[in-house]
Amino acid sequence: MKIGFIGAGKVGFSLGRYFTENGLTVSGYYSRNIQSRTEASRFTQTHAFDDLDSLLSSCDTVFITVPDNAIREVYEQIRDLGIAGKQICHCSGAMSALEAFPDIARYGASGCSIHPLFPVSSKYDSYREFRHAFFCLEGSEAHVMQWKKIFEDMGNPVRVISSSHKHEYHAACAVSSNLVCALAEESIDLLKKCGFSENEALAALQPLVMSNIRHIFKVGPAEALTGPIERNDVQTVQKHIECLNKENDKSMYKAVSRKLVEVAQKRHPDSDYRKMNRVLL
């Protein structure tokens, strides 16, 4: 397998270096930005291609590592140049292979979605942590199973999912990663009203958040749950709602809390949470 990358951002940098460090053959990079493709090729000790034709002729597997909204456009460019016999991959968590490459079989190629469930935050450092990343695969069955073995041999946990569940998968990622940022911001805003600076609020919340996260991943959400909803303390929850001034903040608190009631009910199946649910409407 000879791998080429179209797109030289954080994901392209990180995957390319991770692959070369684990003995896979990376031919190199193409990007419209000359500096980016040169930088990526130096970082991975591979080649910087001046055009898409040259990249396609040097590899049998192409990773399109551009922003999600540009994946289809890049695919159509290389499709028209000729992709017969090649494997085309993207790294979007939100798009299935079929959505990105809808007519790929007609052109004699196959498509895969290979998504690292991992926050790729640095061009130069994220690859070091990729050995801990969970990879979710979807697309052409033969190539998906090939990649499953490759990643497992590198020590990564892997799950293959069907294209029909790709949106649920990405929503799960967003809830656990992106939406948590909104909850953290709300906590900081409330502590600022108590006189905390942002840095003081972050320092105060860190041990609470980290301890809770560790507990969740050790025993699961239901057993880790503490607080007024778990105790069925309606009065305290009412006070929380009253101290939130913006309707958006009230709605967020209520929506998340209604989900927490479901979690609490799993832990305490004999408890009556009807009054709590009425407060959260």
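# A walk through the predicted chain

The side chains of Arg37 and Asp50 meet in a salt bridge, with 3.3 Å from N to O. A salt bridge here is a side-chain nitrogen of Lys or Arg within 4 Å of a carboxyl oxygen of Asp or Glu. Arg37 lies in helix α2 (residues 34–44) and Asp50 in the loop between β3 (47–48) and α3 (52–58), so the pair ties together parts that are 13 residues apart in sequence. Arg37 counts as buried at 7% relative accessibility, whereas Asp50 counts as exposed at 59%. Buried means under 20% relative accessible area, exposed means over 50%, and partly exposed lies in between, with a 1.4 Å probe and protein chains only.

This is a predicted model, in which local features need pLDDT of at least 70 and side-chain atom pairs count only at pLDDT 80 or more, while totals for chains, interfaces and linings use all residues. Residues are numbered from 1 along each chain as its sequence is written, and side-chain values use heavy atoms, with hydrogens and water left out.

Now the overall picture. The chain has 281 residues, and 42% of them count as buried. Its C-alpha atoms fill a box of roughly 70 × 40 × 35 Å, taken along the principal axes. The secondary structure comes to 13 helices and eight strands. Helices (H or I, at least four residues) and strands (E, at least two) are DSSP runs, numbered from the N terminus.

Two C-alpha distances give a sense of scale. Asn69 and Ser122 are 53 residues apart along the chain, and their C-alpha atoms are separated by 21 Å. Asn69 is found in helix α4 and is exposed, with a relative accessible area of 72%. Glu129 and Ala264 are 135 residues apart in sequence and 35 Å apart in space, C-alpha to C-alpha. Glu129 lies in the loop between β6 and β7 (134–139). At 44% relative accessibility, Glu129 counts as partly exposed.

Back to the charges. Side chains of opposite charge can pair when their charged atoms come close. How many salt bridges does a search of the whole structure find? The search finds 11. One of them joins Lys148 to Glu152, with the closest N and O atoms 2.8 Å apart. Both residues lie in helix α6 (residues 141–153), four residues apart, about one turn of the helix. Lys148 is partly exposed at 22% relative accessibility, and Glu152 is partly exposed at 38%. Arg231 forms a salt bridge with Asp233, and here the closest N and O atoms are 3.9 Å apart. Arg231 counts as exposed at 52%, whereas Asp233 counts as partly exposed at 21%. Arg79, Asp80 and Asp103 are linked in a network of salt bridges.

Next come the aromatic rings. A pair of aromatic rings is described by the distance of the centres and the angle of the planes. Rings of Phe, Tyr and Trp (its six-membered ring) pair if their centres lie within 6.5 Å; planes under 30 degrees apart count as stacked, over 60 as edge-to-face and the rest as tilted. By this rule the count comes to 17 aromatic pairs. Take Tyr75 and Phe101: their ring centres are 5.0 Å apart and their planes stand at 50°, so the pair is tilted. This pair links distant parts of the chain, 26 residues apart: Tyr75 is in helix α4 (residues 68–81), and Phe101 is in the loop between α5 (97–100) and β6 (110–117). Tyr75 is buried at 0% relative accessibility. Phe101 is buried too, with a relative accessible area of 1%. Ring pairs also link residues into a cluster, among them Phe5, Tyr18, Trp147 and Phe151.

Now the cysteines. A disulfide is a pair of cysteine sulfur atoms within 2.5 Å. By this rule the count comes to zero disulfides. Cys89 is buried, with a relative accessible area of 0%. The sulfur of Cys173 is 7.4 Å from its closest cysteine sulfur, in Cys136, again too far for a bond. Cys173 counts as buried at 14% relative accessibility.
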